[in-house]
Amino acid sequence: MGPQGLGITFVTLPLVIRAAAGGPSHWKELKATCGGSKQSPVNIDRRRLQRDSGLGDIVFEGYDQAPPGKWRLVNNGHTVMLSLEGEPASEHIAISGGGLPGRYRALQLHFHWGSPAGNGSEHTLDGHQLPMELHIVHINAKYRTLGEAKGHPSGLAVLGCFFQVSEAPNPNYNTIVSGLRNISHAGQSVDLASTFRLSTLLPRASRLSRYYRYQGSLTTPDCSEAVVWTVFEEPVDISWAQLRAFVNTVYFPASGAVPLKMTNNYRPPQPLHSRKVFASRDATSSRGCPGHLLSPLLLLALLSPLSPSP
Ligand SMILES: *[C@@H]1O[C@H](CO)[C@@H](O)[C@H](O)[C@H]1NC(C)=O
Ligand SMILES: *[C@@H]1O[C@H](CO)[C@@H](O)[C@H](O)[C@H]1NC(C)=O
Ligand SMILES: [Zn+2]
């Protein structure tokens with residue numbers, strides 16, 4: 001059958017972390033790969049993007065049809081994950097184009113979030129974390145197992161979406177959010193009341209050609225450097241109440257007398273080293289003044305107390 005390794009990795013992860021008595025900064029002691037030079041997530045510095053006009057529209061297959069089967073939502077002790085494989089229809093959920101080196105089948109999606117006091121995205125934007133991040137993990141269709149795919153720099157493709165807090169709830173997330181109360185405890189799973197079009201979880205269709213692209217890794221051990229990352233520029237709206245449902249309903253695996261709420265399940269940004277983050281053809285050009293384009297003279301004028309008021 002399909003690759004199973006990913007599920008196993010996620011399930012065993014919290015135990016591994018606990019055994020090492022340390023969070024993400026200690027992962028490299030567990031797995032040398034986690035200290036590699038192409039790790040994820042990264043900070044996306046919009047002043048340092050490199051435009052690549054070859055990064056055009058992504059082709060989404062099966063994203064616009066609700067599969068007939070059931071989708072299972074699981075608390076794997078590390079995140080809330082929706083399996084997208086196993087159903088016959090899932091063979092048809094795939095992405096290609098957009099500069100991706102091949103066709104990639106969807107495996108699963110999951111979330112990273114913060115706490116009542118702080119944002120919890122993995123990628124950061126100009127140094128800022130956003131409230132939450134969605135990852136949709138895909139495997140290069142030319143590989144049969146996750147193990148095989150992890151051995152190649154373009155073995156996996158992950159789509160990342162930021163969330164921002166809106167006044168109104170996002171009805172497209174109702175099914176997932178209402179499933180959360182059925183998976184409070186690690187290891188629990190629930191068959192969602194209905195499937196839905198995966199596209200409804202993404203930013204508006206007209207904005208999907210605006211994205212950032214770079215070469216990176218899985219953000220949990222073993223941190224395989226096998227991921228072509230696509231992070232959409234446009235955040236998805238979600239209400240405070242919906243966000244709180246993630247922060248407040250789900251628990252880490254029980255380890256002591258007091259159950260610990262699943263919060264801050266993100267890895268912080270890793271050094272970019274020699275990598276570049278590319279802006280897609282349609283990505284918005286950097287806001288503000290890109291440092292390297294700012295002439296010294298203009299800079300002086302801007303800083304000068306004598307410059308005319310706006
Ligand atoms: C958290 O995210 C919001 C966007 O929804 C942003 O306005 C705020 O500055 C972020 N907070 C921090 C501490 O980065
Ligand atoms: C989920 O939990 C709710 C409330 O606890 C319950 O009414 C419902 O039957 C559960 N759904 C499933 C599929 O277990
Ligand atoms: Zn993730």
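K31 counts as partly exposed because it has 15 C-beta neighbours inside 10 Å; on this scale a residue is buried with 20 or more other C-beta atoms within 10 Å of its own, exposed with 12 or fewer, and partly exposed in between, with C-beta atoms placed from the backbone. This is a predicted model, where local features need pLDDT of at least 70 and side-chain atom pairs count only at pLDDT 80 or more, while totals for chains, interfaces and linings use all residues. Residues are numbered from 1 along each chain as its sequence is written, and chains are lettered from A and ligands numbered from 1 in the order in which they are written.

K31 sits in the loop between helix 2 (27-30) and strand 1; helices (H or I, at least four residues) and strands (E, at least two) are DSSP runs, numbered from the N terminus. Leaving out residues up to four places away in sequence, K31 touches P221, D222 and C223, a contact being two C-beta atoms, placed from the backbone, within 7 Å. S199 is another loop residue, found between strand 12 (189-191) and strand 13 (211-216). With its 16 C-beta neighbours inside 10 Å, S199 also counts as partly exposed. Its contacts, neighbours within four places aside, are F60, Y63, D64 and A205. From S199 to Q65 the C-alpha distance is 8.5 Å, with a sequence separation of 134 residues.

As for the protein overall, there are six helices and 16 strands, and 40% of the 310 residues count as buried. Among contacts with a separation of 6 or more, 75% come from residues 24 or more positions apart. Mean pLDDT (the predictor's confidence in each residue, from 0 to 100) is 86, and 83% of the residues reach 70 or more. Residues 1-21 stay under 50, and the model has 36 contacts beyond four places in sequence for them. The pLDDT is also below 50 over residues 288-294, a stretch with four contacts in the model beyond near neighbours in sequence.

Turning to the strands, pairing here takes at least two bridges found by DSSP between two strands. Strand 3 (residues 58-61) and strand 6 (residues 94-97) are antiparallel partners over four bridges, with E61 bridged to A94. Strand 6 also pairs with strand 7 (residues 104-113), again in the antiparallel sense, over two bridges, and here A94 stands opposite R105. Six residues separate strand 6 from strand 7 in a hairpin, and in its turn G98 has a positive phi of about 55°.

Strand 7 has a further antiparallel partner in strand 5, to which three bridges join it; M81 stands opposite H110 there. Strand 5 (residues 80-83) has V80 and L82 pointing one way and M81 and S83 the other, and all are buried. In a regular strand, side chains alternate between the two faces of the sheet. Three bridges also link strand 5 with strand 4 (residues 72-75) in the antiparallel sense, and V74 has M81 as its bridge partner. The hairpin of strand 4 and strand 5 has four residues between the strands, with G77 taking a positive phi near 90°.

A separate open sheet holds three strands in the order 1-8-9, with mixed pairing. Its edge strands are strand 1 (43-44) and strand 9, each of which pairs on one side only. Strand 1 runs parallel to strand 8 (residues 124-125), joined by two bridges, and N43 is bridged to T124.

The largest nonpolar core has 68 residues, of which M132, L156, V158, Y212 and F246 touch the most other members; such a core is a set of buried Ala, Val, Leu, Ile, Met, Phe, Trp, Tyr and Cys residues joined through C-beta atoms within 7 Å. Strand 11 gives the most to this core, at seven residues. Residues up to four places away in sequence aside, F246 touches V80, F111, W113, M132 and L180.

Around ligand 1 lie N119, H128, Q129, L130, P131, Q164 and V165, counted where the C-beta atom, placed from the backbone, is within 6 Å of the molecule. Strand 9 (128-129) and strand 11 (156-166) are the elements that give two or more residues to this shell. The shell divides into three nonpolar, four polar and no charged residues, where Ala, Val, Leu, Ile, Met, Phe, Trp, Tyr, Cys and Pro count as nonpolar, Asp, Glu, Lys and Arg as charged, and the others, Gly among them, as polar.
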